[in-house]
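I opened the model to look up a few local features. My notes follow in the order I took them.

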Amino acid sequence: MAIPISQYNTDVKNSWCMGCGNYAIHIAMKKALSELDIVPNQTFISFDIGCNGNGADKIKVNAFKGLHGRSIPLAIGSHLANRRMTVIATIGDGGCLHEGLNHLIHAIRSNYDITILIHNNQNFALTTGQATATTKEGKRMYALPDGRPEREINIGELVLGSKPSFFARGYSGDPLQLTEIIKEGIKHKGCSVIEILQVCTTYNKESTPQWFTERIEKLESPALDLNNARDAVSMDEKIKTGIIYKNDSIPTFYDRLQNRKDLSTELVDEVKQYDISKLLKKFK
Amino acid sequence: MSNGRVIIKFGGESGQGINTLGKILSKSVKESGFFNFAYREYPSLIRGGVASYQIDIAKEEIGSSSRYCDILLILHKVAVHEYLPSVSQNGIVIHDKDELILTQEEKEYITKNNITLVSLDTIKMALEVKGIEIMANMVLLGFIWKLLNLDTKPLEEIVRKTFEYKDVDMEAEIRCIMAGYNSKQIKEEIVKPLTFKPQKQWKDSLSITGNEAIALGAISAGCRAFYAYPMTPATSILKFLGDTYKETGILVKQAENEITAAQLVMGSMNIGTRAMTATSGGGFDLMAETVSCAGISETPMVIVMAQRTGAGTGVPTWTGAGDISLAVHGGHGEFSRCVISISNPQDAYILIQKAFNISEIYQMPVILLTEKQIAESIFNTKNLPKAIKIERGISKGKNRYEITDNGISPRWIPSKDNPTYLQNSDEHKPSGESTENSKEIIEMSDKRLRKLETLKQELPEPEYFGSKNPDTVFIGYGSVGNTIRDILKENPNIGYLHYQYIYPLKYEKIIEIHEEGARVVLIENNQTGEFGKLIKQECGFEISEKILKYDGRPLFVEDILDFLNN
């Protein structure tokens, strides 16, 4: 029996624009938790600053709305202290690829058992539409009357370059598929990175639902290896969604800690006074 | 001999093993029953540059160094010009077989102060007893040991312990020590036997640095995660907690940068364990945004800030206390925080535990200040004090950010048995929901600031040391306090008011002392008197007389004596 989705609701009203992709992403996140029977008080979600972050008080879980670009390390700190919590970090393409890019690379490399949802609407929407690293080259944007002078980053290529244990791509216009992807991400033991292509009706007029529908192609099954996965993340013609790459053989960061191997407790269970008399012998 | 101390200094090039020599000598002297304080100077490079280790041996407990030494051992000619001026009257300079190339001024200094030069071909001596070149250092150790006229047993024991797990020819090392000890060049006029008796209490004492004591205090306090990025002089906390992680079970993680380290601490403490990070000023700059976030979201957080000299990269391996303003003011917006300063291993051990209690009870960032001088010097200290009780301030309530009279809202640990809550860096309502409402902003901001006043009432007064009727009272904190406390006995007319709790500041005692008519002198290891500025900011009182030192060196005993004599 799944937990009723209403249990994750708060009575705070949504504040996103009409047609914003965040509605579907928000529901997909709740639906994934509900279908996996993960109760609200055993869930921790860190929120970034940006339109995604404005969902922080609209979901009833243990949540922390922190700083711009920092939702990933904030989530990792929570995960390492209590692995009984299902930990999700939500972040936008701006916060993730600009302010906090190093966190993404190191989270993948360390393979912490968390799920990272990157909301990619190809702009800084909350600050009214500046270019991000995923904004198309040459596109006219806020304070760029002659168009964006730099090339864009393909999140899939970036993530695969760091040899992830899980990478998937979903789309805000397909919340059912997205729900399944988030569920797989949560279930995967390791750092699950999920890029969510997100419609932004206010500041990204080109990437409309129609534009996405024409290009999106669902991937039947994950790529067999990183090379095939690299082909799958290309956005040159078609855009592939689904679980793109998965590798269950990479151990998580925590599982590699020799000193935590035989312990059944979590760090949150261990706050008490410790006797240091044995350690003091080192100083005699 | 200065202030009844016998002082030995090694000077040479970084990479010559001076650190090991200093540690062995300090530990062996302690093992022989003599109290000593060991101070290290080294450049920010691995090979080359001048490095030194100074060991002040004293009859009673001390926590500071003298500007002068009685025996200077030159391991490399680069150290001659740097340290010759620090040799005291009737002192001895021991150098290798090559003749020292001295300036006219240096020659005059030697004659004027009756300094004896001893040339010792330590490499030859090492080779003669079938040692290898690097064991020349052991010959030197043996030579000093004879100058102090001490029994070789404790020295041999410490050397064996130090190299236990190293790939060395232990017997050759010992032969080299004995070669130095039995050298024909030891003559009566250069022997400097200790005039005081060995004491069991010093033999049994700990030989420990300030950073190690902070780490031990954190372990005692139930800190279960340590996240840090290497930065001198905080790094040895990472080393100790990393090296002991199997014994303690603590999760030790070297983060990709200081921002991450701070975020990991905030995340781990929010979810209900105890975690901390340690850095220096530059790393703290990167953490400042997170400190501010912990401030508004009322998340407990503990940061050790180990100070060094200078802005930018500054003089990275040298001491200073120029980050008081950063600790008190760093981070945007207005929020409550606590800043604590340590002086020695004893108070480091206790104050880091207090830092955890305060950060959890008051739900605010706590910054524990130390300095390179405290962080890396070796103190001999009697057993550490008894650990203090862990207080976490965990309570249940309706709203996570309930408006309360003392400013402290209920905080509970997220778990399957507890209701969820939103920890919010947006301004928020008592429920945690974001708000931009004028009344709600004021109410929540006022609540948060009330915690500072509540905490201030709870904090102890600064501690006063010295004369009951002083002519002069020094005001200080951190390592300068060690230097002043070391000279109080011989200077019966002075007093010292020592601050451990820097912020919120209890300033009333300063005003009291001033009104009673004593001359008040601020003493700080920085350029502009940062603590003095804080005092003025808090109560309007300006301390006009100041001893300020900002050359990367700690306050030496003579720095204060010179001030008093002028």
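I began in strand β18(B), where Gly495(B) is the bridge partner of Val473(B). I took helices (H or I, at least four residues) and strands (E, at least two) as DSSP runs, numbered from the N terminus. Two strands pair if DSSP finds at least two bridges between them.

I noted the conventions next. This is a predicted model, in which local features need pLDDT of at least 70, side-chain atom pairs count only at pLDDT 80 or more, and totals for chains, interfaces and linings use all residues. Residues are numbered from 1 along each chain as its sequence is written, and chains are lettered from A and ligands numbered from 1 in the order in which they are written.

**Sheet.** I followed β17 (472–477) and β18 (494–499) of chain B: they pair in the parallel sense over 6 bridges. I then placed them in an open sheet of 5 strands in chain B, ordered β16-β18-β17-β20-β21, with mixed pairing. The twist averages 25° from one strand to the next; angles run from 0 to 180 degrees between N-to-C directions, and axes are lines fitted to C-alpha atoms, for helices over the stretch in contact.

**Backbone.** Most residues other than glycine have a negative phi, and most peptide bonds are trans. I looked for exceptions. Thr232(B) and Pro233(B) are joined by a cis peptide bond, omega about 0°. I found Pro233(B) in the loop between β8 (223–228) and α10 (235–243) of chain B. Another cis bond, with omega about 0°, joins Tyr503(B) and Pro504(B).

Asn111(A) is not a glycine, yet its phi is positive, about 60°. Asn149(B) also has a positive phi, about 55°. Which is it for Asn111(A), buried or exposed? I counted 23 C-beta neighbours inside 10 Å, so Asn111(A) is buried. Asn149(B) has 11 other C-beta atoms within 10 Å and is therefore exposed. (Buried means 20 or more other C-beta atoms within 10 Å of the residue's own, exposed 12 or fewer, partly exposed in between; C-beta atoms are placed from the backbone.)

**Helix pair.** I checked α2 (71–81) of chain A against α12 (258–271) of chain B: they pack at about 45°, with axes 7 Å apart. That makes α2(A) oblique to α12(B). (Angles under 35 degrees count as roughly parallel, over 145 as roughly antiparallel, 65 to 115 as roughly perpendicular and the rest as oblique.)
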